[in-house]
Amino acid sequence: MTYNILISLRQELVLTVLIFLLLFIKLGKDRSNESILNFINIALALNLAAGFCCHETAELFNGMFNTNPLIVFEKDLLNLAALIISMQSYAWLKDNKNVIEFYLLTLTSLLGMFLMISSGNLLMFYLGLEMSTIPLAAAANFDLTKRKSSEAAMKLILSSAFSSAILLLGISYLYGTTGTLTFSILTAHINGSPLQLFAFILLIAGFAFKISAVPFHLWTADVYEGSPVAVTSFLSVISKAAVLFTLLNILYKVFTPIANTWYLILVLLAAATILIGNLFAIRQDNFKRFLAFSSIAQVGFILIGISGSSQIGSASLIYFILIYIFSNLAAFGVIAVVSALTGKENISDFKGFYKTNPMLSWVLTIALFSLAGVPPTAGFFGKLFLMMAGAAKGNYGIIIFAALNMVISFYYYLRVVKAIFMDQNDTPIEKLQVPTVSKIAMYICVAGVIVTGLASVVYDYIYSISIGL
Amino acid sequence: MNLTLLILLPLLTAVLILLAKGLQQIRIIGLTGSLAQLGLAGWLLKSFLAERAAGNSAAHLFESNQTWFKALNIQYHIGIDGIALAMILLTSVIVVAGILVSWTMDKLSKEYFFLLVLLSMGAYGFFISLDLFTLFFFLEVAVIPKFLLIGIWGSGDKTKSAMKLALMLMAGSALVMVGLFGVYYNTHTFDIVQITQQGIPVAVQKFFFPFAFLGFGVFAALFPFHTWVPDGHASAPTAASMFLAGISMKLGGYGCLRIAALMPEAAHSYAWIIILLATIAIIYGAFATMMQTDLKYINAYSSISHCGFVILGIGMLNKTSINGAVIQMVSHGLMTALFFAAIGMIYSRTHTRMVAQLGGLLKAMPFISTVFVIAGLCSLGLPGFSGFVAEMTVFMGSWKNPDGAYRFATILSGASIVVTAVYILRATGRAIMGPISTEHELLTDATWNEKLAAVLLITGILIIGLAPFLINHLITPSTDAIMLQMGKILVSK
């Protein structure tokens, strides 16, 4: 029995042990950053590997903590993303004397996300969410010498406090009308009474803050711009993915009785999110702001996929997140290297980039094409399947809308490609020496972008473990 | 006979090009690869005809069907009929010619040849697909190489043209995508063969046909979505122009044909709009050409006019007209590629494409001038060349339609040939005949690779022009099958 609990909690336990180990390393004698980074990367890789054994379904602590193959897979995805980000930050962390603190913060946040994804109770969910957000705000402030970094942290902590408050209000109303917070019992008590709907809207608003859906997106661009690249990629990929997984779980398992209501809400949110994200992305010159708005638009596509409430929808969401991890992190990887070595973060700095750094240029281009959804990259399949899932309810209006928005998004991704390949620049970024670890991370991402789409086994596996309404 | 070879061969070539070192190696690999494609296409033709002669009357030969995404019922289903085979032959010829005219490309040559080969891979995949999802996949694969080819190696306002082209084609494929989703959600499959058998409800057809047809129409330069054509072609490097006009506009025509065959009722009820747009494209293209002073713009605008005939033939929805449309696609592909090749050869020597600055080229470069004249004569539809056969077939098919308005459209389109004659003869007269300017006197004639490319394309044009029964023999059974299917549905109404 005890042994079984250990197995079910293995991903959380490895992380916890790692966090404590790091604390002890911090207390002990000084070690070189390289060895610490290598140690952490290996540990993260082991943690990732631990996810792939034993796919069991279990319910622990009176339903507070659930696990099943889908949840294990979702955590694997987050582990993968964490590993890639860690490898990509090598150049940046190599000479940073606070390297251990960075990992303490991000890994704690990751642990919180794991608990959130596994939660079977709204309180547990809330605890996980807070545990994942607060360390991230501290991490956003990691560039201690930069004003923008502390501004980003301030904005992040304030907006998440605000959204948490809304979320809590929703949860308390929900408790008031149903008398329970456990997911499995809650479903039977949902009857769509006005107060419950109000509670639900508050809940959705809280979620929308975390995934930066329009009109709750205003914090995103500033926080992304101010934070160090590693934290930005963490925020835009891992933290978003974790909240989306939880949202999927709650919508598809708990709020099934009012599926028609949230269907409408999601479609409206999705339409606004795609459009605003796209229109703002066109105007950006800072690469991180650009990716912030592009990721807002991507979330809109994800919401369309969820709104179809079919098994295809939930499978496509997870599939898309996997692809999004690869493509977004490949883009962030290049920016992380360029930013760490030259301090340049603007799209206009990338003019003529191909002449000096052909390898990095191709990585960035493939990543952007994948984000735009152009074959043969995986992004094409991801976006197409999300839209197919959205069309399942026969709502072709939103599909037409999304298809036209794909063209807009294509424009701004091409703008970057144009800058890299076609624009003239007298002082392009010089040839960069990319650390091997970062290079490996980029290659993993590019391979992922190409293989995940063409190899249908990935999708079929995700489909086989995912849930429908 | 495994059709997947048609995708694997270009892929292999592309990978080898990436591994190659130096221009010499790259172009030899590129040429070998493209010749292998040509050989494969020829062999395909031989075995196709052998199968047919042996009495195999299946609609699609060399079929192979594998599950791709099981959960979504997406198949990797390939197979070819006569029409697809004609397109594959066209593609393989143009690829060889395109590689040959790019022989001296020394700016980023590795990337250049890589993208050219990638583009051809997209075209082959598109033509062999019998599943709408794979079809769409390959349609979009070809967009990115076009963008990069024009934007990096182009001339003039290249980035703007590249952006315009990419965005318009992307918008076209977004429309196609909506149409395909509509089909999928009402038939639960992407498989063309299956959809043809089970049919699509008429209301669904009526709603989604415009999306899919217009989407492909953007690729085929259908009015009013033709605006990417002139800028795109004019800015593109020679080989890219050849690929663009010769292959990728054909993706649009071929797609339109398939969509019309899949949704016959809708095609029938929207036929008048299709014909109206096609007639406008034909006339508008012809008159716009008259106003151009740049050789590439002349050919680009005349392409709009010529591709209008393809759409006109499809819109008329009878056997002869569709036959004509297919022949026109092949003929226009060869002819326009030849034209762009000749313009490229002239431009690389004189460094101008302005008709007014050229003159008497026949004296300095007789071979190139002859090629130019042949392309021009083919374009204006002189008997003996492919253009005549193709346009004549379209007219004959169109005239079969007894409706007064349709006949009027046919007459108008026929009249545009006179306009074509005006601009072709004028451009030819100015550029080729007359006195030569002193700075052009010492220019050299075509090199071996350019000659080879031109001869290859001219051979194709002459085969269709002098022996049209050959291509008719190849495609008629397939158009028969399409018409039979359409007739069955339309009669039963």
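In which sense, left-handed or right-handed, does α4(A) pass α6(A)? Here are my notes, with the answer in point 2.

1. A word on the model. This is a predicted model, where local features need pLDDT of at least 70 and side-chain atom pairs count only at pLDDT 80 or more, while totals for chains, interfaces and linings use all residues. Residues are numbered from 1 along each chain as its sequence is written, with chains lettered from A and ligands numbered from 1 in the order in which they are written.

2. The α4/α6 pair in chain A. The crossing is right-handed (the near helix is turned clockwise from the far one by less than a right angle). Helices here are DSSP runs of H or I, at least four residues, and strands are runs of E, at least two, numbered from the N terminus. The axes of α4(A) (residues 69-88) and α6(A) (residues 99-118) come within 10 Å and cross at roughly 165 degrees; axes are lines fitted to C-alpha atoms over the stretch in contact, with angles from 0 to 180 degrees between N-to-C directions. The two helices are therefore roughly antiparallel (over 145 degrees).

3. Who touches whom there. From α4(A) come A:Ile71, A:Glu74, A:Lys75, A:Leu78 and A:Ala82, and they meet A:Leu110, A:Met113, A:Phe114, A:Ile117 and A:Ser118 of α6(A). Contact means C-beta atoms, placed from the backbone, within 7 Å. The tally is 7 nonpolar, 1 polar and 2 charged (Ala, Val, Leu, Ile, Met, Phe, Trp, Tyr, Cys and Pro are nonpolar; Asp, Glu, Lys and Arg charged; the others, Gly among them, polar).

4. Helix α15 of chain A. Next comes A:Gly343, with a positive phi near 80 degrees.

5. The chain A/chain B contact. On chain B, 26 residues are in contact with 29 residues of chain A. β1, α5, α6 and α7 of chain B each supply at least two residues to that side, with the largest share, 12 residues, from α7(B). By class, this side of chain B has 21 nonpolar, 3 polar and 2 charged residues.

6. α7(B) again. Its axis comes within 7 Å of that of α9(B) (residues 202-219), crossing at roughly 150 degrees. That contact has 17 nonpolar, 6 polar and no charged residues.

How values were computed
Contact = placed C-beta atoms within 7 Å. Parallel < 35°, antiparallel > 145°, perpendicular 65-115°, else oblique.
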